Amino acid sequence: MRTQVGIVGAGPAGLFLSLLLQREGIESVVVEMHSRKYVEERIRAGVLEQGTVDLMHKLGVGERLKLQGLEHGGIELRFGGRGHRIDFRELTNGKCVTIYAQHEVIKDLIAARLAANRPILFAAENVSVHGLDGERPTIQFQMNGAPEKLECDFIAGCDGFHGISRASIPEEIQHVFSRSYPFGWLGILMQAPPSAQELIYTYHERGFALVSTRSPDLQRLYIQCDPQDDIANWSDAMIVEELQLRLATKDNWQLLVGPIIQKSILAMRSFVIEPMQYGRLFLAGDAAHIVPPTGAKGLNLAVADVRHLARALTMFYKQNRTDLLEAYSTTCLRRVWRAEHFSWWMTSMLHRFLDDDAFQQRMQRSQLDYTVSSRAAATSLAENYVGLPFTW
Ligand code: FAD
Ligand code: PHB
């Protein structure tokens with residue numbers, strides 16, 4: 001098998017890249033280790049920046065998004081038993097975010113790709129990449145036990161944090177920057193009507209809590225927890241009680257409660273590898289960087305990477321230019337580090353660190369108070385949350 005661009009991974013990065021290249025008449029093959037059903041049902045992100053929404057429309061995959069996506073013009077920061085709205089539209093010249101589940105985005109992208117008769121090889125086994133520093137890199141794998149070899153001009157490593165692409169770069173070339181946090185998130189899906197019109201980010205002495213949504217009858221909620229904790233230790237009643245305690249307000253706000261249909265614990269980390277390129281391998285999305293979810297940036301950052309990569313590859317094929325490919329890593333890393341900082345900042349402001357660190361708690365309360373009282377501070381949060389211009 002031969003193609004122009006071999007793409008490892010059918011997550012947001014790999015699928016958006018395949019459609020962007022398709023639009024420019026550049027061939028690609030997507031190689032994915034999991035089944036179609038698995039990737040279409042994996043519960044992940046929910047917040048799309050305006051730029052991501054616009055791109056979906058441009059690629060002709062925005063129909064369901066238009067019908068089912070929920071536009072949010074702000075968020076609430078809740079602390080000291082009170083809510084404070086950050087008005088995105090007012091602070092960012094009318095911009096907003098859209099709530100639309102990542103697995104719905106994935107379904108839309110896969111449907112468009114397959115409708116155009118372009119390949120996604122699901123359930124590929126033992127995927128590996130070779131010859132990265134030469135002119136003819138290959139992706140090797142097995143399909144139903146039979147060995148396959150895909151020859152490419154370039155390989156896009158879009159296989160997430162635990163993928164094989166980043167690990168194939170010689171260790172002495174990898175510069176890794178990382179931070180792990182002493183807490184995780186316990187996330188649930190609850191069958192209930194929304195308790196609020198917008199997302200609520202809560203700082204509480206018992207720990208962070210987040211109220212998000214998926215649809216008029218399905219809600220997404222998170223509480224800060226011990227990352228080593230076993231989800232089996234958390235009964236549904238305990239989760240609801242903890243949410244109610246952390247979200248309580250002086251004016252008696254009520255959480256609307258229903259059956260919990262899914263629950264899991266996720267660890268939080270910040271991670272960047274520099275550079276995001278080795279020879280003819282280009283990393284994009286979570287394969288190159290991870291942010292804690294508090295800033296809702298991961299998916300959007302993956303999309304920004306592949307927009308740059310698609311443009312650089314287009315210039316290579318159409319004008320024989322290599323300058324954008326050479327600049328790929330530097331171009332992406334500027335936005336990556338902005339998102340790393342924003343996500344770390346939101347995480348640091350909203351979570352409970354050591355129980356006895358009273359100084360840190362005063363710092364957090366002061367930062368929250370300033371953020372909701374100063375137009376300049378609120379604008380900084382808002383413009384980062386809705387997404388900086390693509391030129392960043
Ligand atoms: P992935 O989505 O991880 O996709 C990688 C793909 O590669 C997968 O399909 C995987 O199966 C495949 N793969 C892995 N290894 C191999 C291999 N060896 N061979 C072949 N295929 C392979 N981001 C936001 O922007 N907003 C949010 O609100 C938000 N909330 C989040 C909430 C949670 C609970 C979590 C976990 C994440 C959240 N994120 C959010 C982050 C977001 O989900 C990720 O940043 C995003 O999925 C990254 O996309 P990706 O394509 O780079 O990687
Ligand atoms: C989500 O809805 O899953 C979600 C929303 C906002 C975040 C993280 C996750 O910051």
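**Figure 1. Asp 87 in strand β6.** Asp 87 belongs to strand β6 (residues 82-87); strands are DSSP runs of E with at least two residues, helices are runs of H or I with at least four residues, and both are numbered from the N terminus. The model is predicted: local features need pLDDT of at least 70, side-chain atom pairs count only at pLDDT 80 or more, and totals for chains, interfaces and linings use all residues. Residues are numbered from 1 along each chain as its sequence is written, chains are lettered from A and ligands numbered from 1 in the order in which they are written, and side-chain values use heavy atoms, with hydrogens and water left out. With a relative accessible area of 24%, Asp 87 is partly exposed, a class that lies between buried (under 20%) and exposed (over 50%), for a 1.4 Å probe and protein chains only. His 72 is 15 residues from Asp 87 along the chain, and the C-alpha atoms of the two are separated by 9.5 Å.

**Figure 2. Surroundings of Glu 49.** Glu 49 is placed in the loop between β3 (47-48) and α3 (50-58). Its relative accessibility is 6%, and Glu 49 therefore counts as buried. Leaving aside residues up to four places away in sequence, Glu 49 touches Lys 297, Asn 300, Arg 335, Tyr 385, Val 386 and Gly 387; contact means heavy atoms within 4.5 Å.

**Figure 3. Packing of helices α9 and α11.** Helix α9 (residues 323-350) packs against helix α11 (residues 375-386) at an angle of about 125°, and the axes are 11 Å apart. Axes are lines fitted to C-alpha atoms, for helices over the stretch in contact, and angles run from 0 to 180 degrees between N-to-C directions. The two helices, α9 and α11, are therefore oblique to each other; angles under 35 degrees count as roughly parallel, over 145 as roughly antiparallel, 65 to 115 as roughly perpendicular and the rest as oblique. From α9, Arg 338, Phe 342, Trp 345, Met 346 and Met 349 meet Leu 381, Asn 384 and Tyr 385 of α11.

**Figure 4. Packing of helices α10 and α11.** The axes of α11 and helix α10 (residues 358-373) cross at roughly 95° and come within 5 Å. Helices α10 and α11 are therefore roughly perpendicular to each other. Tyr 370, Thr 371 and Ser 373 of α10 make the contact with Arg 375, Ala 377, Ala 378 and Leu 381 of α11.

Figure 5. Six strands form an open sheet of mixed pairing, in the order β8-β2-β1-β12-β19-β18; two strands pair if DSSP finds at least two bridges between them. At the edges stand β8 (120-121) and β18 (277-278), each with a single partner strand, so one side of each has no neighbour in the sheet. Strand β1 (residues 5-8) pairs with strand β12 (residues 154-157) in the parallel sense over four bridges, and Ala 156 in β12 is the bridge partner of Ile 7. Helix α1 (residues 12-23) lies across β1, β2 (28-31), β8 and β12 and runs at about 160° to β1.

**Figure 6. The three-stranded sheet.** Three strands, in the order β9-β10-β11, form an open sheet with antiparallel pairing. Direction ignored, neighbouring strands of this sheet are turned by 20° against each other on average. Strand β10 (residues 138-143) is joined to β9 by four bridges, and Val 129 stands opposite Ile 139 in β10.
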